[in-house]
Amino acid sequence: MNKAIVFGATSGIGKELTEILIQNNYKVAITGRRLEKLKELEEKYPDHILIKQNDIQQIKEVEKAFNEIVEEFGHVDLIIQSSGIGFVNLDLKWEKENQTILTNVHGVTRLYDLAFNLFRKQEFGHLVGITSIASLRGNRGAPAYFASKAYQKAYLESLYIKTKSIKTNKVFITDIRPGFVDTAMALGDGIFWMVPLQKAAKQIFKAIRRKKRVAYISKRWSIIAFVLKIVPTWLLKKAT
């Protein structure tokens, strides 16, 4: 049985991926702040779930949960980082910016490092980060969120480059870049190309199985990605 950890499994993409992994014969350790939500999954899949409550903003909690899972599992094949937070913050209220940075940068970086170091020691493993189409450019409405996703994108690319030092070639890094998915993380009004959660999770799992380096969810968001990469900033200033 393959073994996976899903950080941020209490709702949204993390929860949906957990269920897909179980259906594909994984034993899954799940984490999150809301213990009652973790227990709901444990009650539904008692033979496949290990729960560890933690707040990703609290580095010591992340380290404790991670180390306890690894000790119990013995080895880990797959780690999915799905924890995330973001706000539309036109007034740049510091509390919102700080919460975004603490989760999407501070906590996520520690988790990425723990995962990579484990896989380097094991000489195998697959790290999957759920970033966003937002990682490609800036945005006036949610500066910290867009910037934090750009940070995650660059960090995952850096870890991918670092896998060259692992001689087995069995450590994989995947950057999942969703567009708008029907979850609480879909920021803003007038949202278009909204992807149903189940459809998004199935496409993500398919990308994981194929060990893709980068995957846009849904696939048509790759068109938007291409445009975003080439459009000049002055035009973004007018359009956004």
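Glu 123 is found in the loop between H4 and E5, where helices (H or I, at least four residues) and strands (E, at least two) are DSSP runs numbered from the N terminus. The phi of Glu 123 is positive, at about 70°, although this residue is not a glycine. The structure is a predicted model, in which local features need pLDDT of at least 70 and side-chain atom pairs count only at pLDDT 80 or more, while totals for chains, interfaces and linings use all residues. Residues are numbered from 1 along each chain as its sequence is written, and side-chain values use heavy atoms, with hydrogens and water left out.

Most residues other than glycine have a negative phi, and most peptide bonds are trans. Because its relative accessibility is 41%, Glu 123 counts as partly exposed, a class that lies between buried (under 20% relative accessible area) and exposed (over 50%), with a 1.4 Å probe and protein chains only. Asn 25 likewise is a residue other than glycine with a positive phi, near 70°, and its place is in the loop between helix H1 (12-23) and strand E2 (26-32). Asn 25 counts as partly exposed because its relative accessibility is 46%. A cis peptide bond leads from Ile 217 to Ser 218, with omega near -10°, and Ser 218 lies in the loop between E7 and H7.

The strands form an open sheet of seven, in the order E3-E2-E1-E4-E5-E6-E7 and with parallel pairing, two strands being taken to pair if DSSP finds at least two bridges between them. At the edges are strand E3 (49-53) and strand E7 (214-217), each of which pairs on one side only. From one strand to the next the twist averages 15°, with axes taken as lines fitted to C-alpha atoms, for helices over the stretch in contact, and angles running from 0 to 180 degrees between N-to-C directions.

Within this sheet, strand E4 (residues 78-81) is joined by four bridges to strand E5 (residues 125-130), and the two run parallel. Leu 78 has His 126 as its bridge partner in E5, and Ile 80 has Val 128 as its bridge partner in E5. E4 also pairs with E1 in the parallel sense, over four bridges, and in E4 the bridge partner of Val 6 is Ile 80. In a regular strand the side chains alternate between the two faces of the sheet. In E4, Leu 78 and Ile 80 point one way and Ile 79 and Gln 81 the other way, and all are buried. Helix H4 (residues 94-122) lies across strand E1 (2-7), E4, E5 and strand E6 (171-178), and runs at about 170° to E4; contact here means heavy atoms within 4.5 Å.

Salt bridges, defined by a side-chain nitrogen of Lys or Arg within 4 Å of a carboxyl oxygen of Asp or Glu, come to a count of six. One of them is formed by the side chains of Lys 52 and Glu 68, at 3.1 Å from N to O. This pair links distant parts of the chain, with Lys 52 in strand E3 and Glu 68 in helix H3 (residues 59-73), 16 residues apart. Lys 52 is buried, since its relative accessible area is 19%, whereas Glu 68 counts as partly exposed at 27% relative accessibility. Lys 52, Lys 64 and Glu 68 are linked in a network of salt bridges.

A further salt bridge is formed by Glu 63 with Arg 110, whose closest N and O atoms are 2.7 Å apart. Glu 63 lies in helix H3 and Arg 110 in helix H4, so this pair ties together parts that are 47 residues apart in sequence. With a relative accessible area of 18%, Glu 63 is buried, while Arg 110, with a relative accessible area of 25%, is partly exposed. Arg 177 forms a salt bridge with Asp 175, the closest N and O atoms lying 2.9 Å apart, and both Arg 177 and Asp 175 are buried.

On the surface, Ile 223, Phe 226, Val 227 and Ile 230 form a nonpolar patch with about 420 Å² of accessible area together. Patches are made of residues with over 30% relative accessible area and no salt bridge, like charges being joined within 9 Å and nonpolar side chains (Val, Leu, Ile, Met, Phe, Trp, Tyr) within 5 Å. Accessible areas come from the Shrake-Rupley method with a 1.4 Å probe, and for residues only the protein chains shown count as cover.
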